[in-house]
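Open the model in a viewer and keep the selection panel at hand. The stops below give one selection at a time and say what is there.

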Amino acid sequence: MKVVVTGAAGFIGSHLCEALLARGDTVVGVDCFTDYYERRHKEANLEGLHAAPGFTLAEVDLRTAPLEPIVDGADAVVNEAATPGLVLSWDDFERYQSCNLGAVQRLAAACSAVGIGHFVQASTSSVYGVEATGPESSPTHPASPYGVTKLAAEQLLDAYRSTGGLPLTVLRYFSVYGPRQRPDMAYRTFCDRLLRGEPITIFGDGAQTRSNTYVTDAVAATVAALDAEPAGATYNVGGGRELALLDAVALLAEALGVDPVLEHRPARRGDQRRTVADTSRIARDLGWAPVVAPEEGLLRQARWALGRRR
Ligand SMILES: NC(=O)c1ccc[n+]([C@@H]2O[C@H](COP(=O)([O-])OP(=O)(O)OC[C@H]3O[C@@H](n4cnc5c(N)ncnc54)[C@H](O)[C@@H]3O)[C@@H](O)[C@H]2O)c1
């Protein structure tokens, strides 16, 4: 299968490319190395990919580049490209709407024009809002501009599906973690600060919970979606267990062999309070379930952080 993966130099995209290549697919990665975080991290994400037979990288911006030549001839497109994170989305909306909605429209139009076989969209539990605890049919009340742009993208793609036959699957990832996690994300920041002996900032009381998804589980769900017939379905993709933030910090600190020093600050605007992924739909339709428990996943992320420091 020939798959176009956008956001290939990013955290999840780079892991997905590796998994697809490992099973013999041909992958065209697309990325423009936005400055949401430093390019050197994205270059490091690509280290295992450049030499891989079957991988090519198109360094283009989905907001401006002609996209039909890139998607023409591909069996499927997985759109991992986005401006992620909710904090910046209050201050720099343009970057969110152009990458998370405008670019998606251009990609959907190009895929429709050339007749792509499957379009898989990476979406987020943020479409649900402050609490994300129910099935996919739960009401959507995004509490950040980021979540609004991701929900709008889902709806836009569904319009392409229902009126033009775009073969669509939407995956709502619940916070993903593991090696190469984005430098702005909590567990990566915690590991780096713990290793430098610096205090960790906890926004809110630390009792907020997440059913985080280990990155190989998120990738396995994405591959399972790719291999299924596109039926216009939306799936929650989340880790199996809810974990409080303070418990995650304790696990990371233990794995790194340090005592954490905590600094509490008020919760940030739009921060999610509780996420518990109800993954019964994807289990039923695609036979996917998360397999990496939080203790194991956090240990692997801590080891990766230690390895980077050496
Ligand atoms: N990481 C998570 O916990 C998480 C949770 C829910 C949803 N998601 C979604 O998963 C996807 C991947 O997230 P990630 O954490 O790997 O983010 P990431 O920032 O590491 O990767 C996204 C990549 O997309 C690229 N990109 C952005 N805009 C582009 C454009 N206009 N043209 C070309 N490339 C562009 C960036 O340069 C980056 O390399 C995103 O759609 C995000 O919304 C992530």
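Start with alanine 228, which sits in the loop between H8 and strand S12 (234-237). The model is a predicted one. Is alanine 228 buried, exposed or partly exposed? The count of other C-beta atoms within 10 Å is 18; a residue is buried at 20 or more and exposed at 12 or fewer, so alanine 228 is partly exposed. Leucine 195 and alanine 228 are 33 residues apart along the chain, and their C-alpha atoms are separated by 42 Å.

Next, select helix H8, residues 215-227. The 13 residues of H8 should span 18 Å at 1.5 Å a residue, and its end C-alpha atoms are 18 Å apart, so the two agree. H8 is mostly covered, with 10 of its 13 residues buried. Colour the buried residues of H8: Val215, Asp217, Ala218, Val219, Ala220, Ala221, Thr222, Val223, Ala225 and Leu226.

Move on to helix H9, residues 245-256. Its 12 residues should span 16 Å at 1.5 Å a residue; the end C-alpha atoms of H9 are 17 Å apart, which agrees. Pick out Leu245, Ala248, Val249, Leu251 and Leu252, the buried residues of H9. They cover an arc of only 165° around the axis, so they lie on the same side of H9. To see what they pack against, show helix H7 (186-196), S9, strand S13 (243-244) and helix H11 (294-309). Glycine 257 follows H9 and has a positive phi, near 70°.

From there, select strand S9, residues 200-203. Which residues are on its covered face, and which on its uncovered one? Ile200 and Ile202 form the covered face, while Thr201 and Phe203 form the uncovered one.

The last stop is the ligand. A shell of 31 residues surrounds the ligand, the closest being Gly7, Gly10, Phe11, Ala82 and Thr124. Helix H1 (11-22), helix H5 (93-114) and strand S5 (119-124) are the elements that give two or more residues to this shell. H1 supplies the largest share, 3 residues. Coloured by residue type, the shell around the ligand divides into 16 nonpolar, 8 polar and 7 charged residues.

Key
Residues numbered from 1 in each chain as written. Predicted model: local features only at pLDDT ≥ 70, side-chain atom pairs only at ≥ 80, totals over all residues. Helix = DSSP H or I, 4+ residues; strand = E, 2+ residues; numbered from the N terminus. Near = placed C-beta within 6 Å. Nonpolar A, V, L, I, M, F, W, Y, C, P; charged D, E, K, R; others polar. Expected span 1.5 Å × (residues − 1). Arc of directions from axis to C-beta. Contact = placed C-beta atoms within 7 Å.
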